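I opened this model to look up a few local features. My notes follow in the order I took them.

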Amino acid sequence: MDEERETLQRIVSTLVNKNDEIHNFIDMLNHTISNVQVNSSNAISELDEEFDGLYSVLHEMKGSMANTIQQEEARKIQALQDQLSQCSRALESSEELLELAVQSLDIKNPVELLEAARQIKDSVTVASAFRLSLKPKVSDSMTHMMVDFALEKRMLQAVKFLPVPKAPEIDVAACLVADNCITISWRMPEEDSRIDHFVLEYRKTNFDGLPRLKGEQHWELVDYIKATQYTLSGLRFDTKYMNLRVQACNKAVAGEYSDPVTLETKAFVFSLDSTSSHLNLKVEDTYVEWDPTGGKGQEKIKGKENKNRSNTASPKRSTNSPRASARGSRDRFAGESYTVLGQLSFYNASSKALLHTFRAKFTQPLLPGFMIWCGGLTVMTGLQVPSAVKTLQKSENGLGGSTSSLNNVA
């Protein structure tokens, strides 16, 4: 009976997970349909803008070229009209000379005839009619103002949609999650020399599988990546997984995103053991500070406040209380051994190689200890650290608090 119940519970759990995946996929499909409609509308709007811009350029060019033709027309007409005026004046002068010459033929006196002939000859010599070019200064041809857009038409007819880069393919096997860093690698499905850079987007999530649309954080973006690999460093692994996707971009347009991948980001929060520290060290998780009273000053103040508020005496502490027990375990530190224990194994931060392994049989857990003396302490953990750690420095008046962070090793 119990076995069947367990089997049924596993089936229920599997169905719940599967239904959740299907719901997420349905949301994704609906979101994709909506995006297709919106993006198609945007594409048509951009197409209208591009053609309107092209029409505007063509209209402007047409007006400019028509104006040039009109200017050429006016220039030629003016030249021809000037030549026509010169011809008219020359013709008028020539007709006057002709009439004078005809009249001179009727002169009977030889002396008068000779004088008239001489005057007419001199007038003809300087007459504009004989210095006038009888060839038009300009032609009536306007072929030099003609245009041929055959090449441009072929170019326009060859215009197609922008060459969009294909979606990259993330190489999951080459991706690495370590030391609060994620190194992601990808490749293009085929060689594309027009790719200018890549865009990486990532976001934290607590769900495995395909990225979800509802209740998720916004995508973080890293732009202008030139290589096909990138390392996200200084991350806080405060969720179970990380969604990542990449898109390729050329000089004109960005391509589609790669299929998203979900990488597991196991977090380990470093903490210090407050029950193992010296009495003069105040330890709270990853926070350590010097406390010269060993906590006794705080207790005296609190006891005084309680006494002022009530006439009832404070109950005596039991030596079996957790606090007393903790203080008792801390009393083993004597003198100036200001020490606190953090549970760690020691590794090389660069090579990740294990530095030391204890092979003896211990009856109790073996814990490393850090002693703070005459300076600061920096712990290279390579682990997720939620906050800074205060360490101790020696000053003129004694030991005072200073800050040293637990560094994440990249």
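**Strand pairing.** I count two strands as paired if DSSP finds at least two bridges between them. The model is a predicted one, and I kept that in mind throughout.

I began with strand S7 and strand S9, the latter covering residues 261-264. Four bridges join them, and they run antiparallel. I looked for a facing pair here and noted Tyr241 opposite Glu264 in S9.

Next I turned to strand S4, residues 195-205. S4 pairs with S7 over ten bridges, again in the antiparallel sense. Lys204 is the residue I noted opposite Met242 in S7.

Then I checked strand S8, residues 254-257. S8 and S7 pair over two bridges, also antiparallel. Across from Cys249 I found Ala254 in S8. How many residues make the hairpin that joins S7 to S8? I read three.

**Cover on S7.** Is S7 mostly covered or mostly open? I found it mostly covered: nine of its ten residues, in the run 241-250, are buried.

**The largest pocket.** I looked up its volume and got about 1,700 Å³. H1, S7 and S8 are the elements that each give two or more residues to its lining. The lining has 36 residues in total. Which of them lie nearest the centre? I wrote down Asn39, Val164, Val253, Ala254 and Glu256. Ala254 was already in my notes, as the residue that Cys249 faces. H1 supplies the largest share of the lining, with 14 residues.

**A nonpolar patch.** I moved on to the surface. Leu47, Phe51, Tyr55, Val57, Leu58, Met61, Met65, Val147 and Phe149 form a nonpolar patch there. Together they have about 780 Å² of accessible area. I picked out Phe51, one of these residues, and placed it in helix H1, residues 2-104.

**Tyr224.** My last stop was strand S5, residues 220-225, which holds Tyr224. I checked its backbone and found phi near 55 degrees. That is a positive value in a residue other than glycine. Is Tyr224 buried or exposed? I put Tyr224 down as exposed, because its relative accessibility is 58% and the cut-off for exposed is over 50%.

Definitions and conventions. Residues are numbered from 1 along each chain as its sequence is written. This is a predicted model: local features need pLDDT of at least 70, side-chain atom pairs count only at pLDDT 80 or more; totals for chains, interfaces and linings use all residues. Side-chain values use heavy atoms; hydrogens and water are left out. Buried means under 20% relative accessible area, exposed over 50%, partly exposed in between (1.4 Å probe, protein chains only). Patches are made of residues with over 30% relative accessible area and no salt bridge: like charges are joined within 9 Å, nonpolar side chains (Val, Leu, Ile, Met, Phe, Trp, Tyr) within 5 Å. Accessible areas come from the Shrake-Rupley method with a 1.4 Å probe; for residues, only the protein chains shown count as cover. A salt bridge is a side-chain nitrogen of Lys or Arg within 4 Å of a carboxyl oxygen of Asp or Glu. On a 1 Å grid over the protein atoms alone, a cavity is a set of points where a 1.4 Å probe fits but cannot get out, and a pocket is an open set with protein on both sides within 12 Å along at least five of seven lines; lining residues have an atom within 4 Å of a point. Grid points are joined across faces, edges and corners, and a volume is the space filled by probe spheres set on the points.
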